Amino acid sequence: MNPLPATESAAAWVAWNDTVRTGLAATLPHLVEAQARRTPDHPAVVHDRTTLTYRELNERANRLARVLVARGAGPEDLVAVAVPRSERTLLASLAVAKAGAAYVPVDTAYPAARIAALLGSAAPLLTLTAEAAAPQLPAGSPALVLDDPDTAELVGRQDPADLTDDDRRGPLAVDNAAYVIHTSGSTGAPKGVVVTHAGLASLAVDHIERFGITEGDGVLQFASFSFDCSVGDMLMALCSGAALIVRPRDCLSGDEVGALIDRTGATHVTIPPQVLAALPAATHRTLRTIATAGDVLPATVVDQWAPGRRMFNAYGPTEATVDAVATEVRAGAGPPPIGGPVLNTRVYVLDADLCPVPVGAEGELFIAGAGLARGYLRQPGLTAERFLPCPFGPPGGRMYRTGDLVRWRADGNLEFRGRVDHQVKIRGFRVEPGEVEAALTAHPRVADCVAIAREDQPGAKRLVGYVVPAPGPRPEAADLRRHLAERLPDYLVPSAIVLLDAFPLNPNGKLDRAALPAPELTGTDTGSGTGRAPSTPREELLCALFAEVLGVPRVGPDDAFFDLGGDSVLAIRLAARARDAGWVLAPKDVFTLQRAAALAERLEPAPEPTAEPPMPTGPDSPTGSDSPTGSAGSGARPEPAPGLLALSQEDIDDLTGEWANEF
């Protein structure tokens, strides 16, 4: 029995959830192979100076897939992909899917302990890697090094034809696992989300139609392949005849970033709102569409970036095949909603008793439909806790409990209102404080700890750790952050750690989170201790910019940026402020040098922007492993884009999303 009450609100919920479109059930290999037949000579993937056509990408993935089948890979097997970011990362992931297995992306920029934890959780049959990344894998892990000459020769001998079920170790169906992506876990360990092929076609069709992607367009990918936003980018590009433009790891200077956008003629990009807010406005005439996801989108960011192009806001946990809801947003319209359900997706706003709430009332968001993940890898208890029977749809259906609070607007869009638990989003990444707390507790000088997200300045949300030291010598906050950095990705390392004698408690004896003090970060006190004043105009400029960006009263030239609460987004803002002042400062230098005195020696005067015309593409353009990168987009010839930042791939990887997504 459908428990929806016979009210006006119920009629609205039914209408807003009417997203059914039949015929959208296909596996990832089928989707890519169908497009390769339609546009075999169009650019499919662009990375640095390499362009592969759809035919080349498909045939190379087929050859590698046959090697994987021979190594025992098939449906329901897991194969890890630990390949440094390039066109090979995409090719390896497709090859795993063509073999029938599910790919498990592993970011090779992660600390070795994190890589070991991910591989330990997944227990893959095999790990695909490269010579440069192989030493980072745990000893004894079965691996296939793709750029090893013997491996390359073996792959090159294989049949380039598409694989059939007769070639695989078993038939491949849409209900088989397609990929496993790990997210932050409340127990202190990452948890793997098993996503099937069932929702891929629906997502592809929805976004291609919604964003207006056509043959010859270019989808610029910022996200790490370890985050599910990369799946959306891949589907939007490879199911439409567009090119997936993978940002190269050595794209360091502002001129290079601008040249990449303009040279490739990128038309579409998905980027976390925090990253977008940190970038200075720039005119890219080919860039028709910007989509944001991974965290709350401020109206000010919409007002800055929406004019002159289409802009979208999307929302979706990893457990729901990338995006569950989306909507177009416009400048001047106030706080943007997160949208309504995408194709073949239903969303419900329920109270604590799992009963629907009226339109306008706040409740917890539940998601159902074709894109729902199978559950958590080898965690049946957690799967049963989060994936519940759905009483509102067909018999046997399930719905995912997101933990997010939302409300329906009268126009059928959802408005994000917060969380029902302590999970937070930091710079577009899902963060379970329990995972941070588990790593902190492992330090011998920590007796107790808690991690929370603070927003002491509007728009400046950051992760803060609070520690009660164990008896004995008192640990240094900087030492605790280094301890975490050796074990966790950058986005899980608190920007500040506060040492307390005891935690504040409420009258019931429980932790009073609201009473936890804000970090007191001031330069010259937490830095080197020298307290000296700037000695050059460049040091004086950088100290002033440090203080402005970090929101502290003063900074000395020997104070370290990250010891004062800096993070990756703030490093981008610092570079933007330096650019406004007429100087080029690379965020990668902020990570490595940190102190104003050392960074002052790296400052270079900002050059005048120059334009690089897009190169021709299409069936007659040069392509292949040694061909220059051509324009993937179909827009008009772009103008120079001023105000670009110098961003390394590591910066990108840290800032996008659960995307959320790699600047």
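Is Arg330 buried or exposed? At 55% relative accessibility, Arg330 counts as exposed, where exposed means over 50% relative accessible area, buried under 20%, and partly exposed in between (1.4 Å probe, protein chains only). Welcome to this structure, which is a predicted model: local features need pLDDT of at least 70, side-chain atom pairs count only at pLDDT 80 or more, and totals for chains, interfaces and linings use all residues. Residues are numbered from 1 along each chain as its sequence is written, and side-chain values use heavy atoms, with hydrogens and water left out.

**Confidence**

- The protein chain has a mean pLDDT of 85, and 85% of its residues reach 70 or more; pLDDT is the predictor's confidence in each residue, from 0 to 100.
- Over residues 525-529 the pLDDT stays under 50, and the model has nine contacts for them beyond four places in sequence, a contact being heavy atoms within 4.5 Å.
- Residues 611-630 also have pLDDT below 50, and this stretch has 55 contacts in the model beyond near neighbours in sequence.
- Where pLDDT is low, the predicted coordinates should not be read in detail.

**Salt bridges**

- The structure holds 29 salt bridges, each defined as a side-chain nitrogen of Lys or Arg within 4 Å of a carboxyl oxygen of Asp or Glu.
- Side chains of opposite charge can pair when their charged atoms come close.
- Arg21 and Glu209 form one of these salt bridges, at 2.8 Å from N to O.
- This pair links distant parts of the chain, 188 residues apart: Arg21 sits in the loop between α1 (8-16) and α2 (28-38), and Glu209 in helix α7 (residues 200-211). Helices (H or I, at least four residues) and strands (E, at least two) are DSSP runs, numbered from the N terminus.
- Arg21 is partly exposed, with a relative accessible area of 34%.
- Glu435 and Arg114 also meet through their side chains in a salt bridge, at 2.3 Å from N to O.
- Glu435 belongs to helix α13 (residues 433-441) and Arg114 to helix α5 (residues 112-122), so this pair ties together parts that are 321 residues apart in sequence.
- Glu435 is buried at a relative accessible area of 1%, and Arg114 is buried at 4%.
- Back at Arg330, its side chain meets that of Glu328 in a salt bridge of 3.8 Å, N to O; Glu328 is partly exposed, with a relative accessible area of 26%.
- A network of salt bridges links Glu362, Arg407, Arg409, Glu415 and Arg417.

**Helix α16**

- Helix α16 (residues 568-580) has 13 residues and should span 18 Å at 1.5 Å a residue; its end C-alpha atoms are 19 Å apart, which agrees. The expected span is 1.5 Å times one less than the number of residues.
- Because 11 of its 13 residues are buried, α16 is largely enclosed by the rest of the structure.
- Among the buried residues of α16 are Val569, Leu570, Ile572 and Arg573.
- Just after α16, Gly582 takes a positive phi of about 95°.

- Strand β8 (residues 191-196) is mostly covered, with six of its six residues buried.
- β8 pairs with strand β7 (residues 177-183) in the antiparallel sense over six bridges; strands pair if DSSP finds at least two bridges between them.
- Val194 in β8 is the bridge partner of Val180.
- β8 also pairs with strand β18 (residues 375-376), in the antiparallel sense over two bridges, and there Val194 stands opposite Gly375.
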